[in-house]
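Please look over the sequence and the model shown below before reading on. The briefing that follows is grouped by topic.

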Amino acid sequence: MLLIENNMKKITVYLPFSEELNENLKNFDSPLVNKIIVLTDKFRSDLAMPQIVNKHIFSSQNINDIIAHCETPYFILYTKVNSLNLGQNALLRLTSIAESTEVGMLYSDYYQIKNGQQVKHPTIDYQLGSVRDDFDFGSLLFFNKNKISASKNQYKFAGLYELRLNTNCLRINEFLYTEEELDNRKSGEKQFDYVNPRNREVQIEMELACTEYLKSIGAYLEPKFKTIELKKGNFKYEASVLIPVRNRVKTIEDAICSVLKQKTDFPFSLIIVDNFSTDGTSEIIEKYAQNNENLFHIIPTRKDLGIGGCWNEGLYSEHCGRFVVQLDSDDVYQDENTLQKVINAFHTEKCAMVIGAYTMTNFKMETIAPGLISHNEWTPENGRNNALRINGLGAPRAFYTPLLREIGFPNTSYGEDYALGLRISREYQIGRIYESLYMCRRWNENSDSDLSIEKINENNLYKDKLRTIEILSRIQYNANKNN
């Protein structure tokens, strides 16, 4: 305990003002702490402590003020107002690792108090592709002042995001603190927060910060796209709807009927890849296949396929059309004109992939919040750069089959479509339809309705890896163009 014995005060602590402030202050009664400064939205004369006043805690100005007021080598920023309890020797552990590694920011695993119970909340390792603005660092961030820089921008919301994008971040996979969790919604209820129209101003700033970062590392792509020839190959069908499914006896019939009622001026097929269903799903599919010559019921020979692998089974099938359009087995198309609108978009926009918009509904297909998910953040000028910041690109998704067959789906059951969106957008324009084409049903049997933290971390780690691959690929792509 040499640091404590020598009374070496090395940390400045920044705490948001809250009802929990007095309790949270007790965590930092340590010889390692030089000063505690309160972050508040207005000056509080009854508070006998240094204060930084700013309505927006994560603004560029507030972050710059935090750096300017720090007179120590390190500082801690607590980003929540919840009750906080530091673990044994947490400050000493953070300080010693910071001194030996000299990284810009440390973060750790932590415990949460949920419904009166203490539960583990592990985080995941930071990597090059961890550029999404909702990366879970936890709420206790430890900075090395000499390894970070003040911002020259005037972001109202993206100041902290910009800071950590340009900082070397290191995870300590130890549970160094406990916080009270106030948001007890299921994971499936949280995942669409970022597309809520109320958050649009925030998202615009986040996009700006991310775009500037991509430019700084050579991964930014200008809005210049390769042209694509949409008449390659000989296809019996102009389009195919593809449904991968396993055990969706309650919903598959609705999905099938929504496809069969489509009205188009071209021939189309419906390909259902049935991944060894055991609950009666297969029997429903077969009943419709017997009465519809353009419905193809495919049961793979392999038993190691995820959703992406099932997509490949349909994609490389002789029954696949020139364009292939996604439909999840839980969901239905908005009306009988959806397929025609999607194929029209390919020809109008001369694109290799089309993404639509969808409406969130309950199982009875009644609209629920947040309603229309249109992904307005995807713009023709910057959509493929902004795609690296967000966790999904929208639905329904449709692809130009000849190009897609050159790439193929990764054999996973999560992120397979996102991987393709990133890869295709590296070279080709992605067309967008901003009206609702799809009714996305949320119910308790959705695969993402209520995930454990371990499963959430597994999913996020995979998508971050996809971003890492894509960022490295884009850096190389730009380098090759310039040579």
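In which loop is Asn-115 found? Asn-115 is found in the loop between β6 (105-114) and β7 (117-121), where helices (H or I, at least four residues) and strands (E, at least two) are DSSP runs numbered from the N terminus. This is a predicted model, in which local features need pLDDT of at least 70 and side-chain atom pairs count only at pLDDT 80 or more, while totals for chains, interfaces and linings use all residues. Residues are numbered from 1 along each chain as its sequence is written, and side-chain values use heavy atoms, with hydrogens and water left out.

**Backbone exceptions**

- Most residues other than glycine have a negative phi, and most peptide bonds are trans.
- Asn-115 is not a glycine, yet its phi is positive, at about 50°; with a relative accessibility of 68%, Asn-115 counts as exposed, on a scale where buried means under 20% relative accessible area, exposed over 50% and partly exposed in between (1.4 Å probe, protein chains only).
- Asn-89, also a residue other than glycine, has a positive phi near 55° and is found in the loop between β5 (84-86) and α4 (90-101); at 40% relative accessibility, Asn-89 counts as partly exposed.
- The peptide bond that joins Ala-369 and Pro-370 is cis, with omega about 5°, and Pro-370 has its place in strand β16.
- A cis peptide bond also leads from Ala-395 to Pro-396, with omega near -5°, and Pro-396 is found in the loop between α12 and β17.

**Aromatic pairs and charges over rings**

- Rings of Phe, Tyr and Trp (its six-membered ring) pair if their centres lie within 6.5 Å, and planes under 30 degrees apart count as stacked, over 60 as edge-to-face and the rest as tilted; by this rule the count comes to 19 aromatic pairs.
- Tyr-14 and Phe-75 form an edge-to-face pair, at 5.7 Å centre to centre and with 90° between the planes; the pair links distant parts of the chain, with Tyr-14 in strand β1 (residues 11-16) and Phe-75 in strand β4 (residues 74-78), 61 residues apart, and both residues are buried.
- The ring centres of Trp-311 and Phe-399 are 5.8 Å apart and their planes are at 85°, so this pair is edge-to-face; it links distant parts of the chain, from Trp-311 in helix α10 (residues 307-315) to Phe-399 in strand β17 (residues 397-400), 88 residues apart.
- Trp-311 counts as buried at 5% relative accessibility, and Phe-399 counts as buried at 2%.
- Tyr-107, Tyr-126, Phe-135 and Phe-137 are linked into a cluster by ring pairs.
- Lys-215 lies over the face of Tyr-220, at 4.9 Å from the ring centre, and the charged end of Lys-463 sits over the ring of Tyr-418, 4.9 Å from its centre; a charge sits over a ring if NZ of Lys or CZ of Arg is within 6 Å of the ring centre and within 35 degrees of the ring normal.

**Helix α7**

- Helix α7 (residues 200-217) has 18 residues and reaches 26 Å from its first C-alpha to its last, close to the 26 Å expected at 1.5 Å a residue, the expected span being 1.5 Å times one less than the number of residues.
- The buried residues of α7, among them Met-206, Cys-210 and Leu-214, pack against α5 (159-165), α12 (383-386) and α15 (453-482), with contact meaning heavy atoms within 4.5 Å.
- Gly-218, which follows α7, has a positive phi near 80°.

**Strands and their pairing**

- Strand β11 (residues 268-274) and β12 run parallel and are joined by four bridges, where two strands pair if DSSP finds at least two bridges between them; Leu-270 has Leu-295 in β12 as its bridge partner.
- Val-273 has its place in β11 and is buried, with a relative accessible area of 0%; Val-273 and Ile-298 are 25 residues apart in sequence and 4.8 Å apart in space, C-alpha to C-alpha.
- Strand β15 (residues 353-361) and strand β16 (residues 367-373) run antiparallel and are joined by three bridges, with Thr-359 standing opposite Leu-372 in β16.
- β15 and β16 form a hairpin with five residues between them, and Met-365 in the turn has a positive phi of about 65°.
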